[in-house]
Amino acid sequence: MKKKRTTIYDIAEKLNITASSVSRALNDSNYVNENTKKLILKTAAELNYKRNTLASNLRRGHSKTIGIVVPRINQNFFSNVIAGIEEATYEKDYNLIICQSGESHDKEIKCVNTLIHQQVDCIVISVSADSYDYKHLKNVMDHGIQLIQFDRVAEELETLKVINDNEQASLDAVSHLIEQGYKRIALLEGPQNLNIFRQRKTGYLEALKKYNLPVIEELIIENAWTKELGAAGTRKLLSLPKPPDAIFASTSDFSALGVLEVATAMGFKVPDELGICGYANEPFTELTSPSITTIDQFSLYMGKTIANLYFQEMENKDTSVIPKIISIKPKLIVRSSTMKNG
């Protein structure tokens, strides 16, 4: 049978004093004499009393808890963002509740509702791939809870946002491929309902325009945003009568890994016959053969930026939230998979 949790009322009953006296002693109040305070603390330890910090914080008007909702915890980008947030919030004695939507809109709604019921002070979210409305996020704001969106955001919601300059990053990546001598550059794109994938496609198209290369529709593969879908898209591309000589996996490094595995199996030499560029700087990109060119999103720094943005808003005496967007410029990391010219 599960043992009942000790409360201040149990301590008060044992010592035949009021619960308010116990509460004052546990909070080190000067209104309780030292001998009584020592006795209460000794009794609390004997009864294995654990303070309910959430309830205590809520009495002060806040929970000192931040909720985080990410599509997948096991991706390096999202885990690093969480690590960055935790590093900054630990210094402020804040707690984190981490939820995973699994790219499901319905699960995302459940995660958000759970965090609202947990009375968190702030919800940090990167929306799921199949998101189609954002009533649940408006509900967060209606409850007076700070909402910070990052990476994948609902652009129509006027909230605090921390994002990457995805368009410029893609422009840089495709420009690099072209400067290495690649001419038929394919794009593996993600779901276009998400802002980040629209922006990355725009950067791809801008690079082609900049270097006077044609847009070839058969070289643009929709929704190739997982390793499996990236691999399937690559088989299709490399089976064309005139296959691409480079593939930009704008969705993730996992897609790029799918590209590399299929290209190797089909006998294409990387980077001589096929250049490959991914996105997100997952750790494995340095370990593949050849190593994969990618884009570093500075995810750890992004996490710290999110947390510090929240604390800045907390210190702002003006209670009205002014929508603010912080954009972090990613960096192209050139590796062997695109070094056609050495």
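Author: Angles under 35 degrees count as roughly parallel, over 145 as roughly antiparallel, 65 to 115 as roughly perpendicular and the rest as oblique. Angles run from 0 to 180 degrees between N-to-C directions, and axes are lines fitted to C-alpha atoms, for helices over the stretch in contact. This is a predicted model, in which local features need pLDDT of at least 70 and side-chain atom pairs count only at pLDDT 80 or more, while totals for chains, interfaces and linings use all residues. Residues are numbered from 1 along each chain as its sequence is written, and side-chain values use heavy atoms, with hydrogens and water left out.

Reader: Why are helix 1 and helix 2 called roughly perpendicular?

Author: The axes of helix 1 (residues 8–15) and helix 2 (residues 19–26) cross at roughly 115 degrees and come within 8 Å. The class for roughly perpendicular is 65 to 115, and helix 1 and helix 2 are therefore roughly perpendicular to each other. Helices here are DSSP runs (H or I, at least four residues), numbered from the N terminus.

Reader: What makes the contact of helix 1 with helix 2?

Author: Contact means heavy atoms within 4.5 Å. Helix 1 gives I8, Y9, I11 and A12, and helix 2 gives A19, V22, S23 and L26. By class, this contact has seven nonpolar, one polar and no charged residues. Ala, Val, Leu, Ile, Met, Phe, Trp, Tyr, Cys and Pro count as nonpolar, Asp, Glu, Lys and Arg as charged, and the others, Gly among them, as polar.

Definitions and conventions. Helix = DSSP H or I, 4+ residues; strand = E, 2+ residues; numbered from the N terminus.
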